[in-house]
Amino acid sequence: MKVNILVWLIILTACVLFIVFYIEKENTALDPLNEEIKENGELPEELHPIVEEKKNQLVEQAEEQGIPIIITEGFRTVARQDELYQQGRSEDGDIVTYAEGGESYHNYGLAIDFALQNENGRAVWDMSYDGNGNGESDWMEIVDIAKELGFEWGGDWARFKDYPHLQMDFGLSIYELKRGKRPEDPVSD
Ligand SMILES: [Zn+2]
C-alpha cells in the first residue's frame, strides 16, 4: 500500500509541475519576442513617413482614375499581429496571415492593406470589380499605381498570396528589422 501511495504522489507532482510549466510558457510565449525586438531597436508607432506619403498619393491617384479606395490596415502593433496570427489557428475564422508578431512589415510601419469602395461606401475585395467601367479590373489598376509608387504587392508572392497587401522594405529583410535595423527617415530640408 505504501508503494502505491508513493507512486500516486509522484504522478500527481509530475502533473502539477507540467501544468505550472505549461501555463507559464503560455503566458510568456509572446512576450520574449516583443522584448527582444524592442531591445534591438525602437518600434515605430505609425507608418514610416515615406510610406505614409506614398499611401496618400495612392489614394489620390486612385481617385483620379475614378476608383475610390480605403486603407484598411497600416501600422500594426506586435500584439495585434499575434492576435491576427491566432485567427484560423487557436481562434475561429480563416487564416489571414502567416506572420507572427514582429514578422510582418506592418509591425515596422512599412505596409498597408487596401480595399476598393463601391458607390455605397462599402469595402469591396472583389478583384474583378470594375466600378469605373473602363473594362479593367479596378483592383489591378490600383496594384499598377501602387507599384509605380514603389510598393511591392502581396499578390506577387509565391507562397501566401496577400492580395490587399502593399509594402516597402527599403532593402531590409524581416530578419534585419527584428534585429534592430530600420530604414532611414527622409532627410528634412
Ligand atoms: Zn498587409
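Modeller: Two strands pair if DSSP finds at least two bridges between them. Helices (H or I, at least four residues) and strands (E, at least two) are DSSP runs, numbered from the N terminus. This is a predicted model, in which local features need pLDDT of at least 70, side-chain atom pairs count only at pLDDT 80 or more, and totals for chains, interfaces and linings use all residues. Residues are numbered from 1 along each chain as its sequence is written.

Biologist: In which order do the elements of the chain run from the N terminus on?

Modeller: The secondary structure of the chain consists of 6 helices and 5 strands. From the N terminus on, their order is α-α-α-β-α-β-β-α-β-β-α.

Biologist: Which residue in β2 is the bridge partner of Ile69?

Modeller: β1 (69-73) and β2 (111-117) run antiparallel and are joined by 4 bridges. Within this pairing, the partner of Ile69 in β2 is Leu116.

Biologist: Which residue in β3 is the bridge partner of Leu116?

Modeller: Strand β3, residues 123-124, is joined to β2 by 2 bridges, and the two run antiparallel. They form a hairpin with 5 residues between them, and Gly121 in the turn has a positive phi of about 80°. In β3, Leu116 is bridged to Val124.

Biologist: Which residue in β5 is the bridge partner of Asp113?

Modeller: β2 also pairs with β5 in the antiparallel sense, over 3 bridges. The partner of Asp113 in β5 is His165.

Biologist: Which residues of α3 are buried?

Modeller: α3 has 16 residues and reaches 23 Å from its first C-alpha to its last, close to the 22 Å expected at 1.5 Å a residue; the expected span is 1.5 Å times one less than the number of residues. A residue is buried if 20 or more other C-beta atoms, placed from the backbone, lie within 10 Å of its own, exposed if 12 or fewer, and partly exposed in between. In α3, the buried residues are Val51, Lys54, Lys55, Leu58 and Ala62.

Biologist: Which residues does Val51 touch, not counting residues up to four places away in sequence?

Modeller: Val51 lies in helix α3 and is buried because 27 other C-beta atoms are within 10 Å. With contact defined as C-beta atoms, placed from the backbone, within 7 Å, Val51 touches Gly109, Leu110, Ile112 and Met168.

Biologist: Which residues does Ile142 touch, not counting residues up to four places away in sequence?

Modeller: Ile142 is one of the buried residues of helix α5 (residues 138-148). The buried residues of α5 pack against elements including α3 and β1. Ile142 itself touches Ala62, Ile67, Ile69 and Phe114.

Biologist: What separates the C-alpha atoms of Ile37 and Gly101?

Modeller: Ile37 lies in helix α2 (residues 31-40) and is buried, since 21 other C-beta atoms are within 10 Å. Beyond four places away in sequence, Ile37 touches Leu43, Val78, Gly102 and Lys178. Ile37 and Gly101 are 64 residues apart along the chain, and their C-alpha atoms are separated by 9.8 Å.

Biologist: What is the phi of Phe170?

Modeller: Phe170 lies in the loop between β5 and α6 (174-178) and counts as partly exposed because 18 C-beta neighbours are inside 10 Å. Most residues other than glycine have a negative phi. Phe170 has a positive phi, near 50°.

Key:
Two residues are in contact if their C-beta atoms, placed from the backbone, lie within 7 Å.
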